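The following report concerns the contact between two protein chains and the layout of one of them. Please consult the sequence and the model alongside the text.

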Amino acid sequence: MAMCVEDRISSFPDHILCHILSFLPIEEAVRTSIISTKWRYLFASISTIKFDGYLISGLTERNLDSFKNFVDRLLKFPDQVSLDCFRLNDIISWNDEDHNFDVSDWICAALCRGVKEIDLDLENLGDILPALLFTCHSLVTLKLVAVGSEIKVPSDVCLGNLKTLQLINSEFVGDSIHRLISNCHVLEDLAFINCDFEYLREEVNIQSPSLKRLVLVFDLVEFENIDYVVVINAPNLVYFQYTDTVVKGYTLTNMKCLEKAHINIWESDSIDCETSATHLIQGLRNVRFLSLTTDEAIFLTNRLPIFHNLIEFEYDSHGFDGIETWLVEFLHCAPNLETLTLNFPDVAGTRRKALPIEVPSCLSFHLKEIEISCFETHIIEMVSYFLDNAMVLENLIIKMKGMTVTQKTKVINQLLQLLKSSKKCLIVIL
Amino acid sequence: MGSTSTKIKLRTSDQKVFEVEKAVAVQSQTIKYIYENGCPDSVIHVHSVSGDILSKILDYCKKHVNSAAGKEDISPEELYEWDANFVKVDQNTLFDLILAANCLKIESLLDLTCQTVANMIKGKRPEEIRTTFNIKNDYTIEAEEAVRRENKWAFDMLGGVGTMVIEELADDTMSKCVTNAKSRVCVIAANQIVMMRSISKLANKKSIDVYKQPQNPTTPRIKESVKQINVGTGFIELFFHFKCKM
């Protein structure tokens, strides 16, 4: 890159230089202090403080005191501007005898500086989280990965400005989680990923009038108990992601604004699995974009709601008996569907039922684009059905992964032979 | 009504006038504020930005607005690449863009341009940074020593002893990391398989002692003179011990 003739960068306003430094690993930001006298104390005003494993493991015994001293000065200097972000992640052995960092103290110092975002990913996090964290008024974003330890939520929890809360791999006892959510009055973005709700009595209850995005991911292996209900009362929800085995029951109050949902559910052994799953899907009836992954014909198709707003549907499955018929029955419930994406490989031994004669109305009037993400020869019948009945189809996209050239040519020839009802239809093979 | 194609006029420091769609112009919080709090029909003066720079900035804003609105069929990866190309300019222009993005309050552009400058600083020794930006070192010897002492830990990490933990890196990334690392000790994570090729490439560049990270993080690290270890137990598999000059 052609250089400037003069030193322009040193004349930038301090806050811009600090902004540049915030993109560097902290040790490099600190080293800029030696560039020239102008740069000596710039690093001290950075608004994003990130310590990661690379940094910590790069410290030798001789330098630990120098580092601890640095952190104290950085965090606690009285005239400091408010902090934007404090992040600690991937730090192994931060609390062994070698290092013995007072992380709890660091977090408190960051909170006292009015930090807006805290992002912590540490072992034994639950043991060192200060109670002060849960009553912090400056906090807008909180991300915690407790690596299996318990996060204790104090009874006076109040996070009045918290908009984003992300909890991964953390354990909660009793009603601490309900207490936490109900005391975040402007919460917009909530994610629980692989968390463990120990001693969960009856329900996972999420009540939040401000909530716009909700992600619930449960790891089947970790959490054996499915004898609970999921209650969601979030009338302004725009995005919902749910990954779980189907549990005992679902109560989803009307989500009028729901734009997008990603649902990935497995069948459970309970007798009422189908009813329960159907309740779940009924709660999502206003959705516009739905991505569904199931391993069985998990819904009672005669009790599916009509998805009036659904314009894009993506379906993934490992395949089961009669999947094609099930799919067409589902399409009957999506009268305005415009885009359909399918991904189901052939499972040896699945039986195919004849496709229903009555054609779903979306095929006749609205469906413009179909994508088959992983084409295998068994889908040809389904493709033929679509081409035959989709009157306004514009694009049929077929992705063939892992097929030999001969196989592909054979399939392409077969496809070209098929009758197309829509004159505009273009077949794209990738 | 025509509200979807409302245009805003902008006049630059060198008297050039640009007429742009409102949606594009209000990417700048400064312009947005002036537009919403002033007379919408008059021309907005953008005093500290030249025509050339504003033109580039408007390209950026347009691309991002169109991509967000779905008007342009561009994937996030493609947009990322477009951004990367956008900042491939000479230093003067880059700095002009930073100052303009700051003045016009376009957050994403400010982040992009500042990140670009950060990338020009990253991994360099102080002398190299000074050369890149033509900065004069105005420290006295004593003052410079004092600065080094103030934050000894950071300066020791540069070309000194230290450990680096490699986790789940692809071959070429790892070899790049090791090449760039000033540290002499390299701890390889338990499940990392180190490919012979990447190590031998570095063989004539660095002196690296290889330590095996034990499964239990509390046991001390063991230095391995490596041949072939325990295939399939999750420990690393190295084919030979290499040694070279640092």
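One salt bridge joins D96(B) to R8(A), with 2.8 Å between the closest N and O atoms.

This is a predicted model, in which local features need pLDDT of at least 70 and side-chain atom pairs count only at pLDDT 80 or more, whereas totals for chains, interfaces and linings use all residues. Residues are numbered from 1 along each chain as its sequence is written, chains are lettered from A in the order in which they are written, and side-chain values use heavy atoms, without hydrogens and water.

## Extent of the interface

The contact (heavy atoms within 4.5 Å) involves 47 residues of chain A and 52 residues of chain B. About 4,600 Å² is buried between chain A and chain B, 63% of it on carbon and sulfur atoms; buried area is the accessible area (1.4 Å probe) lost by two parts on being put together, summed over both.

## Domains of chain A

An automatic or database assignment divides chain A into domain 1 (14-46), domain 2 (50-201) and domain 3 (306-429). The centres of domain 2 and domain 3 of chain A, taken over C-alpha atoms, lie 48 Å apart.

In the unreviewed UniProt entry, the annotation "domain: F-box" covers residues 6-54 of chain A; such annotations may be inferred rather than shown by experiment.

Methods: A salt bridge is a side-chain nitrogen of Lys or Arg within 4 Å of a carboxyl oxygen of Asp or Glu.
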